[in-house]
Each structure stands twice: as structure tokens, then as C-alpha cells.
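Biologist: I'd like to learn how to read a model like this one. Could you take me through it feature by feature?

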Amino acid sequence: MTAAVQTRGTTPGAVLIFDDYSVMPPVRDKAVIELPGHWLVTAITASLVAVLALMTRAQLELDPRNLTDRLFAVAAVVGIIARIALRRPSTRKHRIARDAIDHVGLFALICLVGALASYPVAANTRGFEDFALERSDRLLRFNWISWYDFVAAHPWLQFVESLAYQSIFVSPAILLGYFAFSGRRAEARLFIASFWLAAVMTLLLFMLAPAEGPLAYLWHGRIPYMPQSALYQAQVIPLLRHHEVHEVAVTSIHGLVCAPSFHTVSAILYIVAAWPIRKLRWPLLALNLAMLLATPVEGTHYLTDMLVGALVAVLASVAVRRGLLSLLEGLQRPVRFDPLRTMLRRAPNHQLMHLLAMESSGGPRANAILHEIDRRGLDS
């Protein structure tokens, strides 16, 4: 038995096919499949618990006396209260406010947890991989010293690069604000999930390849220009390894990850998220290309760091936008409707035995009855 029914108000192709008592609605477009919010919350919460456990192992704790951290905690509590109050928005403004709190809150938490995680992760590393990274750069014909000399000789370029490097939080503010204003919650959650996965991958690779950075490793003598990232990797990582640092202020964390470059990871993810949006595509592309050009010096990164960071961003984006969405699509696909199976599930035990006795020979019906009897543990 086969029939097709076109329902009112549906788009072309939204057809329900009834075939052998089965109902198979059309699969929704991946672009509109929305990741469940509790998936993101669970992933980030699990990350936070793991980081706190790593900090305990590394003899690290949060600085309870830091005033800025306390103010940040108060702001977080206010945001949570506001989000609870807006759980059922009654107006468009309320919906925008709710989504903005969701998007910004989750993104900020990923940033904080990821930066905080770099400290206990660094404490459990051994050695530095600068020799291998610098050798890879030489094979790529990239001379970090020449790049640095050029920037150090031009104060105006230092100013421009400093601004571009610090713009790492400008792009997500624009993106998340636009997603909240336009009601693109599905796209926002894809971006946030990609960012979380990329942060996890970056930290795992950091454990395998800790580095001092090219400024500490390659430059000798007086430093004519101190970049934004300074010499934190070379100075802080040894202290963490020897357990000479015991307290960490969340709002005063320094970047410790040299390879892969998380500025590069972020820039690629921002470009991917902005590309489908005509209004944001070119401005954010230009902004993030400027950040990428500033990253070798201001972030004291090898070119190899940046190439690995770009690969991490691409893999994270593909894993979320293809793999995770395909999984979610499969979970959301309705189960084939089988009237016989539904009837057997509702039948009492004695009726199952009666139905089986009425079957004169083996067949689909008899097999279905036997399957239900076996599922219930009855003696046929």
C-alpha cells in the first residue's frame, strides 16, 4: 500500500509517504537543526570539573582575594538570574536578551575554562619543542627574526598589530550579538560547539608540544619591542612545573599555549561562522586576516603553530557541522510506525498466547508475536 499526501502550507518536497504501514517524514535541512542547549551546558560543565581536578593535582587554586574575580562572579550570578527570569520570553526584546545571555555566557565560560586549563596542563608537561617548531618554519621558508625586525622598526605597525591581535573578542561579540538579534540560535550553538571542541583539541596538542615561543628561543640580547604575549610561556611554565605557583586569578590569566596558535584557531572559526552572513562576511574577514598577520609577532608564534591552529579549526568545524549534526539528525528522525508492533506492545500476556495459537504457519506476524513474547520473558 503506497500513498503520498501533500500537506497544506508545506514546502515542495514536504511529502509524507505511507509505505507498508510506515511513516517517514522528510529530514530537516541541517542548517536549521538546533543543537540541544543541555548538550553544550553538559560539555562545558564537564570541562570545568575536569579542569578543577587537574588544578588540584597541580597544586593550584583560584585566588580568593582577587577583587576583579569577585566582581566577575557577581556579574555571572546576575546573568544566571536574568536568564531564569527570561526562560519564557513574552516579547521579541525578551527573546533577544535571553539568547544573548545564553550565547555570550556559554562562550565566555569556554574562554575562561580553556585559559584556566592551560595552567594545570602546562604544569604536567615536560621539555620544550621549540627546536622542532623552528626547524619546521625553516623548511617552510619562514624567518621569524626578519618578521620581528620589520615590526620592531616601525612603531605605527606595532600599534596596528597590537590592536588587531587584541580584537580576538571583537568578532565573537559581533557574531553572537547578531545571532541573538536575528534569532539564529541554531547557528550560534554550532559556532559555540565548534569553539569548545577546538579549545579541547588545542589543549591536548599543547600537552604534546609545549614551547617557549620564538621570542624567547630565537632572540638574544636586548629586546627592542615587547609584543602583547611577552615571554609568559618561557617564564610561567617552568614555575608551574616546579609547583612554585599556587594561586591563579581567573581575570589575570596569561596565554601559555604556543603550539597550536589559538588566535589562529579563533580567526578561522570566526570567518567560518561569518561567511554565510552577507552583512558580516567581509568586515569580519578583513578583521581576522589582520589578526592573523599580527599573530606571529604579537602572539610570538611560529608559522607552524599557526598552520596547526588552522587545521584544528577546520577539523573542529567539520566534526561539529557534519559529524555532530548528522548524529543529531539521526536521533531526531522518527521511528518507523508499525501498527502490528504497537498493538502487540499493548496486548496483555494471555492475548499474545491466543494470537500465536491462531497463526497456522510461520510468517511476519508469527515472528512479531514471538519476538514480543521473548521480550517479555514469557514461555510460549
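Modeller: A residue is buried under 20% relative accessible area, exposed over 50%, and partly exposed in between, using a 1.4 Å probe and protein chains only. By that rule, buried residues make up 40% of the 380 residues in the protein. Keep in mind that this is a predicted model, where local features need pLDDT of at least 70, side-chain atom pairs count only at pLDDT 80 or more, and totals for chains, interfaces and linings use all residues. Residues are numbered from 1 along each chain as its sequence is written, and side-chain values use heavy atoms, with hydrogens and water left out.

Biologist: How many helices and strands does the secondary structure come to?

Modeller: Both are DSSP runs numbered from the N terminus: helices are H or I with at least four residues, strands are E with at least two. Here that gives 16 helices and five strands. Contacts are another thing to look at, and contact means heavy atoms within 4.5 Å. Of the contacts in the protein with a separation of 6 or more, 79% are between residues 24 or more positions apart.

Biologist: How do I read a pair of packed helices?

Modeller: Two packed helices are described by the angle between their axes and the distance between the axes. The axes are lines fitted to C-alpha atoms, for helices over the stretch in contact, and angles run from 0 to 180 degrees between N-to-C directions. Take H8 (residues 185–208) and H11 (residues 262–274): their axes are 11 Å apart and the packing angle is about 160°.

Biologist: What does that make H8 and H11 relative to each other?

Modeller: Angles under 35 degrees count as roughly parallel, over 145 as roughly antiparallel, 65 to 115 as roughly perpendicular and the rest as oblique. H8 and H11 are therefore roughly antiparallel. On the H8 side, the contact residues are Phe191, Ser194, Phe195, Ala198, Ala199 and Thr202, and on the H11 side they are Phe262, Val265, Ser266, Leu269, Tyr270 and Ala273. For sorting them, Ala, Val, Leu, Ile, Met, Phe, Trp, Tyr, Cys and Pro count as nonpolar, Asp, Glu, Lys and Arg as charged, and the others, Gly among them, as polar. This contact has nine nonpolar residues, three polar and no charged.

Biologist: Which residues make the contact between H7 and H11?

Modeller: First the geometry: the axes of H7 (residues 170–182) and H11 come within 10 Å and cross at roughly 30°, so these two are roughly parallel. Ser171, Pro172, Leu175 and Phe179 of H7 meet Tyr270, Ala273 and Ala274 of H11. That splits into six nonpolar, one polar and no charged.

Biologist: And what about H15 and H16?

Modeller: The axes of H15 (residues 349–358) and H16 (residues 364–376) also come within 10 Å, crossing at roughly 150°. They are therefore roughly antiparallel. H15 brings Asn349, Leu352, Met353, Leu355 and Leu356, while H16 brings Ala366, Ile369, Leu370, Glu372, Ile373 and Arg376. The tally is eight nonpolar, one polar and two charged.

Biologist: Is Leu280 buried or exposed?

Modeller: Leu280 sits in H12 and is buried, because its relative accessible area is 12%. Leaving out residues up to four places away in sequence, Leu280 touches Ile174, Leu175, Tyr178, Ala274 and Leu285. Ile174 is 106 residues away along the chain, yet its C-alpha atom and that of Leu280 are separated by 8.5 Å.

Biologist: What should I look for in the backbone?

Modeller: Most residues other than glycine have a negative phi, and most peptide bonds are trans. Gln59, in the loop between H1 (37–57) and E4 (61–62), has a positive phi near 60° and is partly exposed at 44% relative accessibility. Arg141, in the loop between H4 (130–139) and H5 (144–152), has a positive phi near 65° and is exposed, with a relative accessible area of 76%. Just after H12, Thr300 has a positive phi of about 45°.

Biologist: Where is the cis peptide bond?

Modeller: It joins Ala259 and Pro260, with omega about 0°. Pro260 lies in the loop between E5 (247–248) and H11.
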